[in-house]
Amino acid sequence: SRGVAANTRYLDFYQGVLLALDYFRLKGYNIRLSVFDTQRTPSVVQKLLQSDTLRKADLIVGPVYPKNIALVAQYAAQYQIPLVSPLAGKGAVAASPYLYLANPSYYEQIRTLVVRSLRPGTQRIVVLREESLADHEMSEKLVFYVREQCKTLVPQPTVEVLTYPKGSATAKLTPRLKTLLGDWRNTKVFIPSHSEPFVSDLLGQLNSLSVLRQKDTLEIYGMSRWFKMRNLDLAQLGSLRVILFSPFYVDYSSVRVRDFLDTYRAVYRSEPTQYAFQGYDVVKYFVNALVRYGRDFAGCLPHNTPELLQNRFDFRTTSDGTHESRAIFLLQFDLERGLTPLAH
């Protein structure tokens, strides 16, 4: 059931938390951990807050659900306790200068993708999208971010948007696409779509065009949800060197990841999931900040750089005072090396 799956995820997260705390205990730090089950219920959280049990906390991690986070955020702000939302990004969360959102919202990830990919020297940007109610807001956001970022570049690139009719073959607009792509030099292509048939069809068209271009290549950017599309052609993704984004990336060749895997398997007799990695990273990052800088670590976070497993944290203060991480990985498909992170 969904409830069992959720409980399993949170157990994985908690087990990652415990291994992170062991890291600090082995270094001689005395850490007192208190664990509370909110039962996903605001009334349970309210009773916990009324009991004043959390008042002496130096750091609060969780709860997970936005409504519960909103309740705890008010309490944490009242007593100036740093509060980390470890999984949820922005949503129905109360703004607070003591609240840290470990995961960037999806639109923040898209904005960061645009900012990191559009640099001086870009001459042409082409956005390829489908007429889709499901993807309309996302594609509009991306186009807005692209146009805003272009205003900062000198000279400003041209921006072209090609919209494909819903459900029609992309080949019908291939002549128009060839014209928009021009000579391919310094051209970046964004495809804001979560529709697997559309994405698959369009990548096929782009791959056919790339065969004719020989050594010329485009920079093609897709969405993070493409990682979950089972029927995309990996050979096409590699040939086109498509770039996707994600707030997480685990380098299984790194020594620290291998050490974590060995320890996790030995202690829990199971394989760590993404949630176990997240629990480890969130607690290691914030406890490291706490022991180095104390509760008022907000201004010191740019210097807080412990070795993590799957995250990069880059906290910026939003317009409402909340701290939100904006870090993402840009991951490129390559026929020889597989999926590789681009330098940040």
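View 1. Two strands count as paired if DSSP finds at least two bridges between them. Helices (H or I, at least four residues) and strands (E, at least two) are DSSP runs, numbered from the N terminus. This is a predicted model: local features need pLDDT of at least 70, side-chain atom pairs count only at pLDDT 80 or more, and totals for chains, interfaces and linings use all residues. Residues are numbered from 1 along each chain as its sequence is written, and side-chain values use heavy atoms, with hydrogens and water left out. Strand E11 (residues 329-334) pairs with strand E12 (residues 338-341) in the antiparallel sense, over four bridges. Three residues sit between E11 and E12 in this hairpin. Leu-331 has Pro-341 in E12 as its bridge partner.

**View 2. The largest pocket.** A pocket is an open set of points on a 1 Å grid over the protein atoms alone, with protein on both sides within 12 Å along at least five of seven lines; the probe is 1.4 Å, and lining residues have an atom within 4 Å of a point. A volume is the space filled by probe spheres set on the points, which are joined across faces, edges and corners. The largest pocket holds about 1400 Å³ of space. It has 40 lining residues, and the closest to its centre are Leu-33, Ser-34, Val-35, Phe-36 and Val-61. Helix H1 gives the largest share of the lining, seven residues. H1, helix H2 (42-50), strand E1 (60-61) and helix H10 (274-293) each supply at least two residues.

**View 3. Two cis peptide bonds.** Most residues other than glycine have a negative phi, and most peptide bonds are trans. Gly-62 and Pro-63 are joined by a cis bond, with omega about 5°. Pro-63 lies in the loop between E1 and helix H3 (66-78). A cis bond also joins Val-154 and Pro-155, with omega about -5°. Pro-155 is in the loop between helix H5 (133-150) and strand E5 (158-164).

**View 4. Two residues with positive phi.** Buried means under 20% relative accessible area, exposed over 50%, and partly exposed in between (1.4 Å probe, protein chains only). Arg-40 is not a glycine, yet its phi is near 60°. Arg-40 sits in the loop between H1 and H2. It is partly exposed, at 41%. Trp-184 has a positive phi of about 75°. Its loop runs between helix H6 (174-181) and strand E6 (187-190). Is Trp-184 buried or exposed? Trp-184 is buried, with a relative accessible area of 5%.

**View 5. Salt bridges.** A salt bridge is a side-chain nitrogen of Lys or Arg within 4 Å of a carboxyl oxygen of Asp or Glu. The count by this rule is 15. One of them joins Asp-58 and Arg-295, at 3.5 Å from N to O. Asp-58 is in the loop between H2 and E1 and Arg-295 in the loop between H10 and strand E9 (315-317), so the pair ties together parts 237 residues apart in sequence. Another joins Glu-130 and Lys-166, at 3.9 Å from N to O. This pair links strand E4 (residues 124-130) to the loop between E5 and H6, 36 residues apart. Glu-130 is buried, at 11%, while Lys-166 is exposed, at 52%. Lys-151 bridges to Glu-148, with the closest N and O atoms 2.9 Å apart. Glu-108, Arg-111 and Arg-326 are linked in a network of salt bridges.
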